[in-house]
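Let's take a friendly walk through a protein structure, one region at a time. Have the sequence and the 3D view ready, and look up each residue as we come to it.

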Amino acid sequence: MIVKKKVLLIENFGEDFFRARLPFVKFLSNKGYRVFALIPEGEYADNVRREGVEVITYKLDRRNKSVLQILRLARIYRRIIVEHNFDITHSFRFQPNLIHSFASIFANNRVVLHVTGLGIAFSISSIKYWFYRNISRILYLFQFLIADTVIVQNPDDIDDFFLTERLKRKVVVIKGSGVDIEKFCSLRETFEERVSENLTFVCVTRLIWEKGIFELTQAFKQVIEEYGSGITLNIIGWVDEDNPRAVDNEFIKLFESNNQINFLGKRDGVLDFLRTSDVFIYPTYYREGIPRGILEALAVGLPIVTTSTPGCNLTVIEGVNGFFVQPKSVDSLVAVLHRILLNRGALKGMGNKSRELAVSTFAESVVFTEIEKEYLK
């Protein structure tokens, strides 16, 4: 097979590259590209190598957010890009995108930036976060000026940037990062027997408050008091200690004796939990791209309960494959939980609709093909 071009994929979390980017690497390799990974030193770099990927590593101090650190990393990125003469360099997330942009000033590589969500600064209305939000917009503007292509995961994000019409022409909307519809599937041929007598809801997320963790637990406490047994909530995820809005461990400890609201921590076997659950629930008001957890739940064939916030609003057709709730609203969550408990039969067809949406819109084959089109421009 003739090698087309050399591609460098850039992440600042080795684990995220290992868990989320390897399918894309394999897709590109099968298309004839020679693909390299640029990720921080650590155990996941070795894991990625064992998958047959050419890995370049660098030292990263995660707690150091200084300008000097960014400039240091930009020099490292630039040296690597120039030495290897990459045709295409493609980074994911805000910090790698920013460093990648500095490194690519006057370079010859095609620069692709992937915005996977706007994050905490665009999630909170306060003077402090208003300041952060506008600083971020200025930095995004710089990135857009340098980039050849900017990929966003939902169209709402475009409206939050200070962009001229010329810069908007660089932006393409590609929905999500793709989901493996072969791996993430139900063990059943159909979903008609999925709904059990005891309804199990599952939420998979990082544990920060803007994911709706407080509202979710309070709504379930209220419904459990009304209905007693017959409803369970499993929250799978880890406390993001580097995030100032992380859910504190004291709050989690409040539920240690509650056998119907379970904080299960970080788990590798998320697929098994999805397959044994009845509904995926995710009341986020964090500025997502399109949440991977929802995409995986769609592919498995779960009805979805989420908010109509950017990104999430692309994953649910109200009353068809799930329901929307109001952000930050315990009452809205309680109302939807009542609706589900009183009309379980309505859930039986929703799983099929979720699966259909995953296959038609969010499958890796669909998403990766759209990304490759940007490489060929």
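## Getting our bearings

Helices and strands here are DSSP runs numbered from the N terminus, where a helix (H or I) has at least four residues and a strand (E) at least two. Keep in mind as you read that this is a predicted model.

Start with helix α2, which covers residues 43–50. Which of its residues are buried? They are Tyr-44, Ala-45, Asn-47 and Val-48. Looking down the axis of α2, these buried residues fall within an arc of 160°, so they line one face of the helix. Here is a handy rule for picturing this: an α-helix has 3.6 residues a turn, so residues three or four places apart point the same way.

What does the buried side of α2 pack against? Its buried residues meet α1 (14–30), β2 (34–40) and β3 (54–58). On the face turned away from that side, you will find the exposed residues Glu-43 and Arg-50. After α2 comes Gly-52, with a positive phi near 85°.

## Positive phi beyond glycine

Most residues other than glycine have a negative phi. With that in mind, look at Arg-93, which is not a glycine and yet has a positive phi near 85°. Arg-93 sits in the loop between β4 (88–92) and α4 (94–103). Its relative accessible area is 26%, so Arg-93 counts as partly exposed.

Now move to the loop between α4 and β5 (110–115), where Phe-106 lies. Phe-106 also has a positive phi, of about 65°, although it is not a glycine. Is Phe-106 buried or exposed? With a relative accessible area of 79%, Phe-106 is exposed.

The largest nonpolar core has 60 residues, and the members that touch the most others are Phe-201, Phe-220, Leu-274, Phe-280 and Ile-281. Apart from this core lies another one, of 26 residues, including Phe-24, Val-55, Ile-151 and Ile-371.

Zoom in on Phe-201 to see how residues from separate parts of the sequence come together. Leaving aside neighbours within four places in sequence, its contacts include Phe-220, Ile-231, Leu-233, Val-279, Ile-281, Leu-337 and Ile-340. Thr-232 and Asn-234 are also in contact with Phe-201.

Rolling a probe the size of a water molecule over the atoms shows where empty space is left. How many cavities of 30 Å³ or more does a search of the whole structure find? There is one. The space in the largest cavity is about 40 Å³.

Its lining is made up of Ala-20, Arg-21, Phe-24, Phe-92, His-114, Ser-177, Phe-368 and Ile-371. The elements that each give two or more residues to this lining are α1 and α13 (364–375). Of the elements, α1 gives the most, with three residues.

## Cysteines without a bond

How many disulfides does the model have? The count comes to zero. Take Cys-203 as an example: the closest cysteine sulfur, in Cys-312, is 10 Å away from its own, which is too far for a bond. Cys-203 counts as buried, because its relative accessibility is 0%.

## Buried residues in loops and a helix

Loops can hold buried residues too, as Tyr-285 shows: this residue lies in the loop between β11 (279–282) and α10 (292–300), and its relative accessible area of 13% makes it buried. Among its contacts beyond four places in sequence are Ser-123, Trp-209, Glu-210, Thr-309 and Pro-327.

Thr-309 counts as buried because its relative accessibility is 10%, under the 20% cut-off.

For a last stop, find Ser-332 in helix α11 (residues 330–342). Ser-332 is buried, with a relative accessible area of 15%. Beyond residues up to four places away in sequence, Ser-332 touches Val-325 and Gln-326. From Ser-332 to Glu-182, 150 residues apart in sequence, the C-alpha to C-alpha distance is 34 Å.

Conventions: Residues numbered from 1 in each chain as written. Predicted model: local features only at pLDDT ≥ 70, side-chain atom pairs only at ≥ 80, totals over all residues. Heavy atoms only, no water. Core = buried A, V, L, I, M, F, W, Y, C linked by side-chain atoms within 4.5 Å. Buried < 20%, exposed > 50% of the residue type's maximum accessible area, 1.4 Å probe, protein only. Contact = heavy atoms within 4.5 Å. Arc of directions from axis to C-beta. Disulfide = S-S within 2.5 Å. 1 Å grid on protein atoms, 1.4 Å probe; cavity = no way out; pocket = protein on both sides within 12 Å on 5 of 7 lines; lining within 4 Å. Points joined across faces, edges and corners; volume = space filled by probe spheres on them.
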